[in-house]
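Here are some notes to read alongside the model. Please keep the view of the structure open as you go through the points.

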Amino acid sequence: MGDFLQLVRNENMKIYRRPRTWVMMSILLGLVLVISILWLSFGDRNSTSMWEVVFIEASVLFLLVTIFTVVIAAGVVAEEFTTGTIKLLLIRPWSRSKILLSKYIAVMMFAILLAVELFVSTIAVNWLAFGIHADPEAALSFPVPTGGTPVSYLLQYYALTLVSLVVTVTLAFMLSTIFRSGGLAIGLSLFLLLGVNSFVALIAMLDYQWIDYLLFIHLNLTQYLDGNPMREGMTLGYSLGVLAVYYILFIAVTWYVFNKRDVAA
Amino acid sequence: MTQPIVKMVNVTKRIGKRTIIDKLSLDLPLGEVFGFLGPNGSGKTTTIRMMVGLMSLSEGEIYISGHSITKDYEKAIRYVGAIVENPEMYKYLSGYDNLIHYARMIPGITEHRVNEVVKLVGLEGRIYDKVKTYSLGMRQRLGVAQAILHKPQLLILDEPTNGLDPAGIRELRDYLRLLSKEEGIAVFVSSHLLSEMELMCDRVAIIQNGKLIDVRTIRGSFEAGTVSSRVLIEVDSPQGAAQALQAAGYSAALEGGQLIAVETDREGTASVNAALVAAGIKVYGIRTHVKSLEDQFLEVTGGERIG
Ligand SMILES: Nc1ncnc2c1ncn2[C@@H]1O[C@H](COP(=O)(O)OP(=O)(O)OP(=O)(O)O)[C@@H](O)[C@H]1O
Ligand SMILES: [Mg+2]
């Protein structure tokens, strides 16, 4: 038996040796800087809490983290097929399932890396920009639950958004495996993510039972942080349950298709 | 004979309603360069895809060193190094990193071995360059490098000379023969270039429309005395020689001039010579004419190219 970590190492090499990966990471950092600098230039430095800016940036840029990870996830399987490298990759003493797992793990590691980059850079940049001289009484425009600190609130926010990210990225990974086309997988996942998300508030108002089972109603978990769920009676536990069912379904389909299909052309 | 390294039993592949490979059975022994010859679209690549587990079998079974490729893939594939069609590699990585990538997937491949293989395929000068800057022949060499990295017992190469220059073809040919004779491994090479197969293979299987039509021995077969071939003999009196051979139980044909032709094997050639000398015929020269593979190929496929 070989060493499975070597497979993950290979997948990481294939992700981080490509310029586009570093472009994505630079864009993320660049946008954090740009937003903070703009705020510094046009806002009032002394009456702004650094947490205010951290939250704005986190909520806007986490979408970018998701998009970038979807792009990587969509490519990681499909590109092996479109370039033909899949043939030489598969004819090694490893089951297809394990090769696919190494890819999935590498994608998830990339997602976590981007999330950590966002977390660390927003806090560091805004502490430098606003935090050092800030008035400790500076008001926040979002409700931190009583007894909680901004940091604990932020961590909860990240945890919930990461759950949605994992489901979205797994969807992209599945589409990448089924269609073997990175473009199609990126397009479809982002369409579902952005397009459907903008209708989600409308759909949520409809009074049908089946809407409770739609994936997209549950992808925005941060609705529970502020305590006003989109649909009457929905709880965090219920949403996590629905997402878990979708997640298992996506994983099952992905592995089934990857194991079953002939590698031709 | 030792156990064959590859055993294909009734291998059949159907896609939709079409039968692409039809009940193909073939055994490959160790120590031989085995050619797989067929016109375009005859099913060579499809067979190879099934041998390395990229495609499922509709029927039949393939065993590599006794392990079923469908049921015991990880064990079976351990013995195999392969190029399937074009050797596509990661273009954004260097040749060296590509090899490291495959080396990591099999335990026990040292950096020393990687460097050794790089030297062997003659890529030392460019191995740290990105693969996207490689020429077709250089990619082919890198493909061979990844296939032999783990010293496989069975080397499967789908049209390996595609894109190689004459020197490269010659090197590859010599290297494959060396591998099979010195290291005793089995080499399975597909091609539709007949002349090339003739030079590098010990035996050749001919496939057409997904069916195995024939297996022919090429190399050293006449010397080994296993096949008969046309023997041309130059004598002083063709007429007399023909009569003398008739009497000795050989049928001889007059070839014009001083030549007669006899179909016989190696031992037969000596007896024919003895019979002629005994009959007082002067023998000036004996030449064996082994039919070229091209002749045989066109003969069995009826000259038809695309199935
Ligand atoms: N994925 C597929 N779906 C349907 N038919 C296919 C598929 N792949 C191959 N075929 C058919 O199977 C037959 C054999 O194809 P294959 O690629 O094995 O031929 P080949 O002997 O390698 O030919 P060449 O010398 O051109 O490389 C062809 O008729 C081809 O059209
Ligand atoms: Mg082919």
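1. Start with a definition. The expected span of a helix is 1.5 Å times one less than its number of residues. Keep in mind that this is a predicted model.

2. Now apply that to helix H6 of chain B, residues 166-182. The helix has 17 residues, so its span should be 24 Å at 1.5 Å a residue. Its end C-alpha atoms are 24 Å apart, which agrees.

3. Which residues of H6(B) are buried? They are B:Gly168, B:Ile169, B:Leu172, B:Arg173, B:Tyr175, B:Leu176, B:Arg177, B:Leu179 and B:Ser180. Note that the list includes B:Arg173 and B:Arg177.

4. What do the buried residues of H6(B) pack against? Their partners in chain B include three helices: H4 (111-120), H5 and H7 (194-200). Strands E3 (33-37), E7 and E8 (186-191) are also among them.

5. Next, B:Ser65. This residue is not a glycine, yet its phi is positive, at about 50 degrees. B:Ser65 sits in the loop that links strand E4 (59-64) to strand E5 (67-68) of chain B. Its relative accessibility is 24%, so B:Ser65 counts as partly exposed.

6. Finally, B:Lys151. B:Lys151 lies in the loop between helix H5 (136-148) and strand E7 (154-158) of chain B. Is B:Lys151 buried or exposed? B:Lys151 counts as exposed, because its relative accessibility is 54% and the cut-off for exposed is over 50%.

Technical notes
Residues numbered from 1 in each chain as written. Chains lettered and ligands numbered in written order. Predicted model: local features only at pLDDT ≥ 70, side-chain atom pairs only at ≥ 80, totals over all residues. Heavy atoms only, no water. Helix = DSSP H or I, 4+ residues; strand = E, 2+ residues; numbered from the N terminus. Buried < 20%, exposed > 50% of the residue type's maximum accessible area, 1.4 Å probe, protein only. Contact = heavy atoms within 4.5 Å.
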